[in-house]
Structures are given as structure tokens and as C-alpha cells.
Amino acid sequence: MFVGGVFYTVFGCLAASLSTTFMELYDLNYLEAGLVYLPAGLGGILAAYATGKLLNVDYQRTAKENGLEVNRRSGDDLSGFPIEEARLRTAVPLAVVSTAAVIGYGWALDRKAVGHFRSSSQIKPGLS
């Protein structure tokens, strides 16, 4: 929970400072500053879909490794299922990607990178 809280805090700080930072660095007006939230929103949508698929794959893999049957119709007996193992298997790579994305985003802002890199670097933290 602590690690999730740290990532949520970082995401909140990025979102809170996004428009004002871009207004100062890139001399944007209010409309343009508001539009900078769209790539991060797109990243969040894509992340929700991709993470759901990844969790399904990890769930099935963990069930198979533990000799449990996955039954989509009647549901699964989760009494012997190691849910922590299935969830943590996915968490570590996502934490690494998220950390790299925030570092890349900070680097882009520090270097005042222009053009598409600004928008694509906003999608990456949203993906985590």
C-alpha cells in the first residue's frame, strides 16, 4: 500500500502542477494549458485496459502454476488461490515503468523539450 500511495502522490503532484508548469515553460494560454491534460487522460484510459489484460494473464498463470482451474462461467474457488503472488507479479514491472516515465517527464521539462515529446511523455505516467 505504501508504494501505491507514493505513486498516487507523484501522479497527483504532476496533475496539479501540469498546466501552470506548461504555461510558464512554453508560454501557453489558458486553453492550451487545459489541453495538456488530454495525453495524460489518454494514458490513463490505455493503462486501465492494458493493466486489466495483464492482470488476467497473471491470474491465469498463477492459477495454472498452483494447479487451480480457471472457470469463467461459474467462477473460481479462491480459497486456495495466492492472490498476493498474482498481484505482486504485475506490480514490480509497472513500478519500474512508472518510475522511468516520471524521470523522463522531469527530464523533458528540465530540458524544455518541445513538440510531440511533451505530449508523449505525459502519456507514460498515465500508463502507470
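In this predicted model, T51, L54, L55, D58, R61, T62 and E65 of helix α3 meet E85, A86, R87, R89, T90 and L94 of helix α4, where contact means heavy atoms within 4.5 Å and helices are DSSP runs (H or I, at least four residues) numbered from the N terminus. The residues of this contact divide into four nonpolar, three polar and six charged; Ala, Val, Leu, Ile, Met, Phe, Trp, Tyr, Cys and Pro count as nonpolar, Asp, Glu, Lys and Arg as charged, and the others, Gly among them, as polar. Residues are numbered from 1 along each chain as its sequence is written. Local features need pLDDT of at least 70, side-chain atom pairs count only at pLDDT 80 or more, totals for chains, interfaces and linings use all residues, and side-chain values use heavy atoms, without hydrogens and water.

Turning to geometry, the axes of α3 (residues 37–65) and α4 (residues 83–110) come within 8 Å and cross at roughly 135 degrees. Axes are lines fitted to C-alpha atoms, for helices over the stretch in contact, with angles from 0 to 180 degrees between N-to-C directions.

Within α4 lies T90, which counts as buried because its relative accessibility is 3%, buried meaning under 20% relative accessible area (1.4 Å probe, protein chains only). Leaving out residues up to four places away in sequence, T90 touches L54, L55 and D58. The other buried residues of α4 include A86, S98 and Y105.

Methods. Helices (H or I, at least four residues) and strands (E, at least two) are DSSP runs, numbered from the N terminus. Buried means under 20% relative accessible area, exposed over 50%, partly exposed in between (1.4 Å probe, protein chains only).
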